[in-house]
Amino acid sequence: MMKWIPLALILAVTACSSTPETRYYQLPAAGSNTVVSSQTFSRPIWVESVSIPDYLAGNGVVYQSNDVQYVIAANNRWASPLDQQLQQTLVSNLSSELPGAMVSSSPLGQQHDTLNVTVTGFHGRYDGKAVVSGVWVWQHEGRLEKRAFSLALPQSEDGYDSLVRTLSQGWQQTSTQIANAINQQR
C-alpha cells in the first residue's frame, strides 16, 4: 500500500498543474470609411506578394524586448500564416479604399498592375509601441514606384489583444498610404 502513495502524490500534483492557454490571433479586415477615389480603373491590381522576414514567419506573435532582442511568443500565435493575413487584409483594404479598382491576390488577365510589399517590421516593442515597417513596389504600365513605410503606433493598453489591434491599425494606415499613391499615379 505504501508504494502507491508516491504515485498518487505525483498524479495529484500533475493534475493540479496547468499549461498556459494558447491564444490565436487573426488580423481584422477593416473596411475604410473614407473613399479615396470613385474613378474606374482600367487595369486590375494584382497584390502579387507580401513577404516577411524569417523572424516574423513563425506562428508566434513577435515582441521586441530591448534594442537587440526579439521574443517569439509560444502561447500567443497567429491563427494563419502572417504573410497570408497581411496579403488578404491588404487586398480587402485596397478594395475598400479604391472602389473603382479590381484588386486581387491572383493575376486577373494579361494586363494588370502589380503591387509587391516587403514587411520588415510587424511586432510589439518594449516602449509600448507597435511597429509596422517595410517597402512597397508598384508596377504600373511599365513604370516602377518604390516607397518605404515606417510606423510606430502607441498601444492603448497592455497585452497581445491590444498589440494585434494596433498592428492592424498600422497596416490599415499603410494600406491607405498605398491607395493614395496608386490614386495619384492612375
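Guide: A residue is called buried when its relative accessible area is under 20%, exposed when it is over 50%, and partly exposed in between, with a 1.4 Å probe and protein chains only. Both Phe149 and Trp171 are buried by this criterion. The model is predicted, so local features need pLDDT of at least 70 and side-chain atom pairs count only at pLDDT 80 or more, while totals for chains, interfaces and linings use all residues. Residues are numbered from 1 along each chain as its sequence is written, and side-chain values use heavy atoms, with hydrogens and water left out.

The ring pairs come next. Rings of Phe, Tyr and Trp (for Trp, the six-membered ring) pair if their centres lie within 6.5 Å; planes under 30 degrees apart count as stacked, over 60 as edge-to-face and the rest as tilted. Four aromatic pairs are found in the structure. One of them joins Trp78 and Phe122 in a tilted arrangement, with 6.3 Å centre to centre and 45 degrees between the planes. Because Trp78 belongs to strand β4 (residues 70-78) and Phe122 to strand β6, this pair ties together parts that are 44 residues apart in sequence. Helices (H or I, at least four residues) and strands (E, at least two) are DSSP runs, numbered from the N terminus. Trp78 and Phe122 are both buried. The ring centres of Phe149 and Trp171 are 6.3 Å apart and their planes stand at 65 degrees, so that pair is edge-to-face. It links distant parts of the chain, with Phe149 in strand β8 and Trp171 in helix α4, 22 residues apart. Ring pairs connect Trp78, Phe122, Phe149 and Trp171 into a cluster.

Phe122 and Trp171 also belong to the largest nonpolar core, which has 38 residues; together with Val117 and Val119, they have the most contacts inside it. A nonpolar core is a set of buried Ala, Val, Leu, Ile, Met, Phe, Trp, Tyr and Cys residues joined through side-chain atoms within 4.5 Å. At least two core residues come from each of β2 (45-51), β3 (60-64), α3 (82-97), β6 (113-125), β7 (129-140), β8 (143-154) and α4 (160-185). Helix α4 gives the most, with eight residues. Apart from neighbours within four places in sequence, Phe122 has contacts (heavy atoms within 4.5 Å) with Leu27, Tyr55, Leu56, Trp78, Leu82, Leu86, Val131, Val132, Leu167 and Trp171.

A salt bridge places a side-chain nitrogen of Lys or Arg within 4 Å of a carboxyl oxygen of Asp or Glu, and the structure holds three. In one of them, Asp113 meets Arg43, the closest N and O atoms being 2.8 Å apart. Asp113 lies in strand β6 and Arg43 in the loop between β1 (23-25) and β2, so the pair ties together parts that are 70 residues apart in sequence. Asp113 and Arg43 are both buried. Glu145 and Arg147 form another salt bridge through their side chains, at 2.5 Å from N to O. Here Glu145 is buried, with a relative accessible area of 13%, whereas Arg147 counts as partly exposed at 33%.
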